[in-house]
Amino acid sequence: SDRLDHFIFLSHYKIEAGTEATLIAESLLALIREDSSHPFCDAEAPIFIDSETLFDLKQLTAAVRKSKNLVLLLTPHLLTRPWCLVEVVAAVSSGISIVPVEVQRPGVAFRYPQESFYEDLRA
């Protein structure tokens with residue numbers, strides 16, 4: 001069906017942003033549940049965070065496609081993670097809004113890719 005299950009799919013590299021992802025998910029969930037007028041207030045899982053359960057590729061892309069937004073936590077090695085790239089591609093190919101969020105912490109700095117990164121991806 002075309003019904004959306006999640007307001008946000010939280011995409012992140014667990015080793016670099018697992019804690020931030022959990023804290024963001026908990027905070028956003030509380031805000032959504034408190035707001036009875038929010039369209040996802042009564043949804044079973046308004047925030048989808050993939051670290052809770054190991055999903056297979058089909059389940060993962062289905063969860064992305066059933067989300068209104070993909071929030072991408074930007075950390076140094078995010079774009080080297082195959083699962084994260086699959087999530088981004090699924091969002092782009094489904095027309096889902098991508099919301100980039102830079103994780104800022106000492107020693108953690110996301111570098112935006114140069115053209116060569118995209119050329120290597122296409123190769």
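My entries follow, starting with the ground rules.

This is a predicted model, where local features need pLDDT of at least 70, side-chain atom pairs count only at pLDDT 80 or more, and totals for chains, interfaces and linings use all residues. Residues are numbered from 1 along each chain as its sequence is written, and side-chain values use heavy atoms, with hydrogens and water left out.

I looked up the sheet: 4 strands form an open one in the order S2-S1-S3-S4, with parallel pairing. Strands here are DSSP runs (E, at least two residues), helices are too (H or I, at least four), and both are numbered from the N terminus; two strands pair if DSSP finds at least two bridges between them. S2 (47-49) and S4 are the edge strands, each pairing on one side only.

Next I checked the pairs. S1 (residues 6-11) runs parallel to S3, joined by 5 bridges, and Phe9 has Leu70 as its bridge partner in S3. S3 (residues 67-74) pairs with S4 (residues 97-102) over 6 bridges, also in the parallel sense. From S3 the chain goes through helix H3 (residues 82-94) to S4, in a right-handed β-α-β crossover (with the strands pointing away from the viewer, the path from the first strand over the helix to the second runs clockwise).

Last, I looked at what H3 meets. Residues of helix H2 in contact (heavy atoms within 4.5 Å) with H3 include Leu60 and Val64, and on the H3 side Trp83 and Val86 are among them.
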